[in-house]
Amino acid sequence: MALQDYVTTGNKDTRSGFGAGILELGKTNPNVVALCADLAGSLKLDDFIKAFPERYVQVGIAEANMIGIAAGLTIGGKIPFATTFANFATGRVYDQIRQSVAYSKKNVKIAASHAGLTLGEDGATHQILEDIGLMQMLPGMVVINPCDYNQTKAATIAVAEYVGPVYLRFGRPVWPIFMPDEKFVIGKAIVMNEGKDVTIFATGHLVWKSLEAARQLEAEGLSVELINIHTIKPLDEEAILRSVAKTKCAVVAEEHNRIGGLGSSIASLLAHNTPAPLEYVAVNDHFGESATPAQLMTKYGLDTVNVVEAVKKVMGRKG
Amino acid sequence: MASVEELKNIASQVRRDIVRMVNAVNSGHPGGSLGCTDFMVALYFNQMNHNKNFTMDGLGEDLFFLSNGHICPVWYSVLAHAGYFEPSELATFRKLNSRVQGHPATAEHLPGIRSAAGSLGQGLSVAIGAALAKKLNKEDKSIVYTLHGDGEFQEGQIWEALMFAPHHKVDNLIATIDYNNKQIDGDVDQVLSHRDLKAKLHEFGWDVIEVLDGNNMEAITAALADAKSRTGKGVPVFIMMHTVMGKGVDFMENEHKWHGTAPNAEQTAAALAQLPETLGDYKAG
Ligand SMILES: Cc1ncc(C[n+]2csc(CCOP(=O)(O)OP(=O)(O)O)c2C)c(N)n1
Ligand SMILES: [Mg+2]
């Protein structure tokens with residue numbers, strides 16, 4: 001596929017993709033159980049709860065307990081999805097995830113909505129920009145950050161088939177739907193456009209911004225390779241190295257702190273293999289604040305224009 | 001089912017194992033281990049319906065979760081004597097490349113262990129999850145047991161779980177607290193008191209049994225049988241088990257310093273002299 005094949009078919013929040021995915025799982029997999037800490041509506045669990053009330057656990061506002069219960073549910077063959085906002089699903093319960101889930105090798109799926117700046121007006125208390133870093137540091141933890149409704153739905157279904165702990169990160173805002181309705185393959189990067197001048201590695205909501213940027217840059221005559229890194233861990237190292245071997249420079253775009261996220265991982269990978277100029281489109285070691293998602297993307301430098309500028313800058317650094 | 005005499009014999013050997021294990025590596029937690037020995041022996045040799053041919057899911061059998069993971073020496077010894085692995089493996093406790101880790105772990109696949117513990121406060125939640133899984137697996141009527149420290153009960157997550165279990169009618173669960181009134185920095189009453197724990201548990205909706213002498217084998221077996229008879233009635237069951245930290249070794253009894261101090265060679269000899277070797281000592285590593 002190439003840029004022109006990614007046609008926008010509608011607009012929906014990625015969390016609704018999760019809601020649709022878990023509803024489908026409810027029908028197809030009797031072991032799937034959902035847990036939530038008083039945010040069922042925000043996590044789009046209403047349909048699942050209505051259809052499968054016996055497989056839903058309302059834990060109340062007690063996230064540590066939720067993670068532990070999820071770990072216990074795996075003993076006996078259940079596939080629990082522990083759900084809440086990304087901040088409360090990671091930072092608040094890091095030690096519970098570390099000991100009861102990751103170290104104990106439990107088949108728990110942590111499904112986290114409202115990640116990043118784009119939850120908007122609730123502000124920095126809720127806008128976690130460190131969650132990818134926290135989760136990917138845990139041995140054995142799979143970290144997935146899908147980019148639109150279709151990919152989030154497909155990822156939700158895929159992680160239930162995978163045996164092992166997973167952190168599935170998605171968001172609140174209504175966002176363009178542009179990915180095909182296709183099977184999600186954990187750990188397999190998607191080359192959305194082939195090019196030879198520069199590679200843009202993008203994850204989550206920034207895939208859309210990068211798609212817009214790539215279209216603009218191609219219109220200006222550049223040849224841009226765009227790669228959708230939906231799985232941050234395990235990283236598709238082969239795809240990344242193959243692309244940079246060709247383009248000799250890259251931009252990483254993510255709705256996360258520039259420290260500890262996808263950018264750090266790709267920088268480390270390149271440094272260990274084929275060093276190349278790299279620029280980040282990410283939050284510059286900062287907390288967020290209250291505003292609309294669009295205003296925040298602009299203020300914190302996560303917009304289409306920022307991707308365009310980063311591409312030009314990194315190309316200028318090529319030898 | 002073992003007789004009380006047999007249980008006491010096993011307990012004596014388990015206590016010997018505990019002392020020898022922590023002495024051998026000059027680290028570990030003898031105090032709580034010795035205090036909970038009678039409970040653990042009664043649980044595994046008299047009460048639980050369990051299978052030494054270990055499976056992680058434990059379908060159709062009773063499960064046990066140790067939440068105060070630091071007292072794992074007692075658990076390891078009990079598991080070994082119950083046939084989960086050879087007692088000789090106890091000699092690898094806390095050593096490089098061992099399955100017998102400093103705190104319980106699943107990563108090395110030691111049979112009998114279903115969750116890591118060590119960071120306090122997490123086991124009740126995990127046990128609740130396992131109990132809910134049994135309910136979802138409709139034919140599984142077995143029981144989930146946990147053990148906690150009383151210092152551990154200062155952790156907030158415990159209270160989240162205490163609130164959850166009665167609300168959700170998790171009645172296939174028996175939680176026990178090692179009520180020794182000791183923790184690292186001193187008496188629980190002094191460090192941070194639970195005040196009237198029994199009243200709190202009642203108020204939270206638990207069915208509470210109090211065992212005044214949790215180091216008396218008759219009392220503990222009776223309490224465990226009583227607790228079992230109270231399961232399946234819509235409420236979770238709680239055992240407030242008064243014990244003596246360091247029980248069985250006179251100079252360790254009721255001394256919080258023995259929470260996590262290993263006896264030296266001389267102290268070990270003095271301790272072992274008080275504990276008859278009943279089943280044979282495991283071979284030192
Ligand atoms: C979350 C957490 N905080 C602190 C510790 C360190 N720690 C280990 S045991 C312990 C005291 C526990 O007291 P109690 O539960 O009464 O056990 P006992 O001393 O009676 O064996 C502490 C503070 C820990 N393991 N986990
Ligand atoms: Mg204590």
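## Where B:Asn180 sits

In chain B of this predicted model, B:Asn180 lies in the loop between β3 (173–179) and β4 (182–183). Strands here are DSSP runs of E with at least two residues, numbered from the N terminus. B:Asn180 has a relative accessible area of 6%, so the residue counts as buried (under 20% relative accessible area, with a 1.4 Å probe and protein chains only).

## Its partners in the protein

Let's look around this residue. The side chain of B:Asn180 reaches the backbone nitrogen of B:Lys182 at 2.9 Å. Leaving aside neighbours within four places in sequence, B:Asn180 is in contact (heavy atoms within 4.5 Å) with B:Asp150, B:Thr243 and B:Met245.

## Meeting ligand 1

B:Asn180 is also among the closest of the 17 residues that surround ligand 1, where a residue is near if one of its heavy atoms lies within 4 Å.

Now for the ligand's own atoms. A nitrogen atom of ligand 1 is 2.7 Å from a polar backbone atom of B:Gly118, and a nitrogen atom is 3.0 Å from one of B:Leu120.

Residues are numbered from 1 along each chain as its sequence is written, while chains are lettered from A and ligands numbered from 1 in the order in which they are written. Local features need pLDDT of at least 70, side-chain atom pairs count only at pLDDT 80 or more, and totals for chains, interfaces and linings use all residues, while side-chain values use heavy atoms, leaving out hydrogens and water.

Note on methods
Helices (H or I, at least four residues) and strands (E, at least two) are DSSP runs, numbered from the N terminus. Buried means under 20% relative accessible area, exposed over 50%, partly exposed in between (1.4 Å probe, protein chains only). A polar contact is a pair of N or O atoms within 3.5 Å; within protein, one must be able to donate a hydrogen and the other to accept it, and residues adjacent in sequence count only if both atoms are side-chain atoms.
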